[in-house]
There are 2 protein chains.
Amino acid sequence: MSSSTSEVDLLIIGAGPAGLMAAAWASSCKLNARIIDEKDARVRTGQADGLHCRTLEIMDSFGSPSIAHEILGQACVIKEISSWAWYEDCIERSESIRSGEEDLLGSRYPQVSLCQGSVEQAFLNFLERDGDSIRIERNLTPLRLHVDQAQVGDHHAYPVEVHVQQLRDDELASPDQISDSKMTAVEIVRAKYVLGTDGAHSWTRKALGLRMEGDRTNKHFAVMDLIPLSDFPDIRISCVIHSLSGSIMTLPREGGLVRFYVQLGESSITGRDFDRSTVSADDIIKIARKIMHPYTLDYDHCDWFSVYTVGQRLAEIFSHHDRVFLAGDAVHTHSPTMGAGMNVSMQDSYNLVWKIVTAIRTGNRSILATYNTERLAVAKELMVKDRAMSDFYCDGPSVNSKSYQKFREDFRDFVSGVAVQYSPTILTSPVEKDPPEHKDIQQPHRQKISSMPSLATNLVLGQRIPSYLVTNHFTAEVVHLHSALKSTGHWRILLFPGTFSGRYVFERYCDLGQRLEAPNSFVRTCTPISAPIDSIIEVLTIHTDDRNDFDALSLPNIFHPWRADKGHQYWRIFAKDNDQGEDVYKAFGIYERIGCAVVVRPDQHVAYIGDLWDLESLGRFFENILALKNDERDRKGVNV
Amino acid sequence: MSSSTSEVDLLIIGAGPAGLMAAAWASSCKLNARIIDEKDARVRTGQADGLHCRTLEIMDSFGSPSIAHEILGQACVIKEISSWAWYEDCIERSESIRSGEEDLLGSRYPQVSLCQGSVEQAFLNFLERDGDSIRIERNLTPLRLHVDQAQVGDHHAYPVEVHVQQLRDDELASPDQISDSKMTAVEIVRAKYVLGTDGAHSWTRKALGLRMEGDRTNKHFAVMDLIPLSDFPDIRISCVIHSLSGSIMTLPREGGLVRFYVQLGESSITGRDFDRSTVSADDIIKIARKIMHPYTLDYDHCDWFSVYTVGQRLAEIFSHHDRVFLAGDAVHTHSPTMGAGMNVSMQDSYNLVWKIVTAIRTGNRSILATYNTERLAVAKELMVKDRAMSDFYCDGPSVNSKSYQKFREDFRDFVSGVAVQYSPTILTSPVEKDPPEHKDIQQPHRQKISSMPSLATNLVLGQRIPSYLVTNHFTAEVVHLHSALKSTGHWRILLFPGTFSGRYVFERYCDLGQRLEAPNSFVRTCTPISAPIDSIIEVLTIHTDDRNDFDALSLPNIFHPWRADKGHQYWRIFAKDNDQGEDVYKAFGIYERIGCAVVVRPDQHVAYIGDLWDLESLGRFFENILALKNDERDRKGVNV
């Protein structure tokens, strides 16, 4: 058994949706990363299939054409949800409600469904399009993980060692039965950071010795994807059906498929006496038929089926010395009926990777602790919501004395992903009027920065910024604000100066720009000396004038940075849209005469809201996070 | 020199945009087709770059995700066009107008720009996704074309013989200098139909001995694609600049590029004394700089440049015995400044291929004559428009005493492609009140069918049907009507019954459905016996009720045809949209209490407007075109 050694900044273990999202980030930021997977191919059928609007926003933030573009071209849109209940001797429609995610908080995407395999393929295509980017290394098994605790604080070190082994073709059939002597060479990967996105049975989690808390219930469900042959009128609508014989949830899918969740009844003890292996597709259809009486149900093609027991399990912590991180099913499992799993999992790694990039670049490792803070809180809420949802689905609205509409309203904002709000940390400033006893636990010695949310009354600190239409000043194109907030690793300062029609504002804004690009500006001190001024922080202007009222190129360079090979950056100045009737100032609750400055994190979450002219607070905020040690400042170029 | 012989239904010569559009059609209809090209790869830089809204609609009609999806993810949107003129000592903006194609006639796409190479790649990707479909055969040169005139009337025959030769790698460097003895094997392709889409120097056109009419002018232009380094404020807007030193037109493009058309002055005689080979990129920039004074213009990267002389040339006829057809630059060339060329070329072959499919399937070759009728008329209009446009661009608005806005309005509908209206033929019925002397020249012996356009006052016979939002009855999804009119080769009958709330209408509509699916119905007689009832003609219903007001599955089967493996077709019944405020009845000018029937051709053009209940007229219309000879009716299955 021979071995070789290599070094990498980030090793991702597991190429499911969460791992692929991490790879997309790494590719976008040109991070030196690898992604390995034990399996020889992506998922083909079944597994997760629900995508909510925040996930589509995130997918839209990668590439052009974006990952979301490809997904939406194939996915099935979930526009309406209907509830059916048992009346006398058959089921009847009791409610019919809009899914309506496209109307939530400046979102623009509906809820959709698409099998996990196609979602994974869209990420693989994205990585493929990015020429010299990361490729999935398959048939690679991790064998051993060791963290050198003496080195975890040294930001130049590679303190995590992972032994990985390539399975030979003849071993692939039964990888569990390989004897040591038969194995091919072991590679020792020394990594700065490791991310375990290796699913519910996570090898990484076990290697860290982390336990999952929680347990399964005695509620058993079958899940199956089929092309139904049926006279049920709502077969292409997402349904919740409560009948005397049990309950069914359905989700229409791409290519004529429908996913069915069929209740199989309860067992006496908590799920352990239930033999899932004996259930066949025909068994499931028979039960489903009984529940859906008097409607017919049959199938010619069944794509996939499985049986599961409802339960919620959560890891106590998502990271280990802020060097090894866990995301997705590796740290939280729950019932699939809410269609949240794949979304929360991808949003985990979406929260993490840009922080790793920043920590590597700046040497500031303190920001990495926010991963656990932010995502554990989300996972805890997910557990609570999922428990309530499972009860509702099993017992029906009558028992819960709530209409389906009311019930859905209670969790729609959370499930859609747009309402997730991260609490104050070094990355998200608290509001100004915090009680004096508030302490930033993460950064007790740093100067406290606070936000003034009254300047943008409809923005929520810690939430992702809503997207509304704005008009590009130079191209006249009406675009979504999010199109200027792509996942490239950049922090953005959004400046809302209102109108320049008074000469005073224009001059003052020019002065602001000059201070931002001055040698002692935080924009400079946070950026490597030899790198372009907008390599780390981009400054965006959103004004309220007509595009042709003034020559925006007469504003200082930082508002439209010049590069010798590309000329001006024409995608940084926007006018309030007057075309489609969307007013971003009104939508954000910004008063045109006062204006404001909003800082948006690389993951589109609002980090700071402050006075337009107060560069000192803005500077302190960024220097806490992005200030470079001298050795980093002098580096030639920068990867972000 | 050895040779082999093969047979094919359609041989496409030339894999530019027009040829690729033909291949996309052939792939969608599973036509036995081949496409060959002399070159070893697609276009990389330069050439055509303008795409108008009708072209994007057509691209959206192929695949899911569609070709348009991929194009729009990369293209540059042209939202505004500005006009600059010389005032005293420098140019100043005189007008700024909206391009506004997205507002035209129920269109939904803007004008965009993207280099021809990326457009071709999107088609290649589409063909690649369609697993067992057509692949471009490159390095193949056609040598000889012969049409056996004795066989052109026999629809089982392969009367066109084309000799083609594969160029060996060592011959590719200089294909013009290959001696006969060095050549590799010649293949004899016997084709039912041949389409020449081989560009301005078309080998196919020359092989047919067809001449081009028209000539060049004495106006010379340079065209170049570069990333400009400039302080011109409208550099990312499409501009028409008229200065003392000449004129420039610009078109912003993908990836920071801008296309410049720069006037090079006139020569004394009609273009023949002008030596284009001596012009360099720096020469062009120098002239452009002078025109754009006082603004700066420089570049670091020039993608492509070329020099051309304005002129319009048109072939007298586009087909030869309705067995060999020509499309695109092979039959019409003109100046590139209108951005129409690639669009009209692709629309040529989009008009043709479904007709070939129908002729092969039914044995009815008479419909093929409509290709020349319909597309020659469009090309003639293109010549007129292009001449006017060239004059305007060279001489400026002052000479023409017209504002740019007014001028654009005159040609925008035509250039956008949505206003193209095909005249009455066998494929497009005339209006009922035609004067009695009107004769259908193509089909003098067939029974005359006429339309009643008063039943849909905003639809235009012969124009493509506008697309408005409708709600799918079964999925609740709000979709564009065009999404139900994909390019699959199907004819569609759109039935507008209004509301079913009166019991009488519902019963009468059920009766209509039963007559449509009865054994003696034209739907049956136009469809091979063993094929599903919706293989050739699809029946779509667009009602005005709420979706949950009635069970649409209780309507006769033809409105939601059942297949044993897939269940009902859920994409054929729609409700008027009440969600986004678009009323398709109002938009089409259909009175809800009266309703109507509209026939839409496979290329989305309106072919017939008639009484909702008048199946006799509808039947006569279809039987003229689609009635099968007995030997075709009995064929097992059908390719469309």
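In the predicted model, chain B contains an open sheet of three strands, arranged in the order E3-E7-E4 with antiparallel pairing. The pairing of E3(B) with strand E7 (residues 111–113) of chain B is antiparallel and extends over two bridges. Within this pairing, B:Gly50 has B:Ser113 as its bridge partner in E7(B).

A further antiparallel pairing in chain B joins strand E5 (residues 80–87) to E6(B) over eight bridges. One of the residue pairs concerned is formed by B:Ala85 and B:Glu92, the latter being the bridge partner in E6(B). The two strands form a hairpin with two residues between them, and in this hairpin B:Glu88 adopts a positive phi near 60°.

The size of an interface is often given as the accessible area lost when the parts come together. For chain B and chain A, the area buried between them is about 3,400 Å², of which 54% lies on carbon and sulfur atoms. On the side of chain B, B:Lys79, B:Arg236 and B:Asn548 provide 14% of the area buried against chain A, more than any other three residues. In terms of contacts, 45 residues of chain B meet 45 residues of chain A.

Polar and charged interactions also link the chains. Two salt bridges are found across the interface of chain B and chain A. A salt bridge connects A:Arg547 with B:Glu80, and the closest N and O atoms of this pair are 2.8 Å apart. Between chain B and chain A, nine residue pairs are in polar contact, with both residues at pLDDT 80 or more.

Several secondary-structure elements of chain B contribute to the side that touches chain A. Helix H3 (67–72), strand E6 (90–98), strand E12 (212–230), strand E24 (562–563) and strand E25 (567–568) of chain B each supply at least two residues. Of the elements of chain B, E12(B) accounts for the largest share of this side, with four residues. Classified by residue type, the side of chain B that touches chain A comprises 18 nonpolar, twelve polar and 15 charged residues.

Note on methods
Residues are numbered from 1 along each chain as its sequence is written. Chains are lettered from A and ligands numbered from 1 in the order in which they are written. This is a predicted model: local features need pLDDT of at least 70, side-chain atom pairs count only at pLDDT 80 or more; totals for chains, interfaces and linings use all residues. Side-chain values use heavy atoms; hydrogens and water are left out. Contact means heavy atoms within 4.5 Å. Buried area is the accessible area (1.4 Å probe) that two parts lose on being put together, summed over both. A salt bridge is a side-chain nitrogen of Lys or Arg within 4 Å of a carboxyl oxygen of Asp or Glu. A polar contact is a pair of N or O atoms within 3.5 Å; within protein, one must be able to donate a hydrogen and the other to accept it, and residues adjacent in sequence count only if both atoms are side-chain atoms. Ala, Val, Leu, Ile, Met, Phe, Trp, Tyr, Cys and Pro count as nonpolar, Asp, Glu, Lys and Arg as charged, and the others, Gly among them, as polar. Two strands pair if DSSP finds at least two bridges between them.
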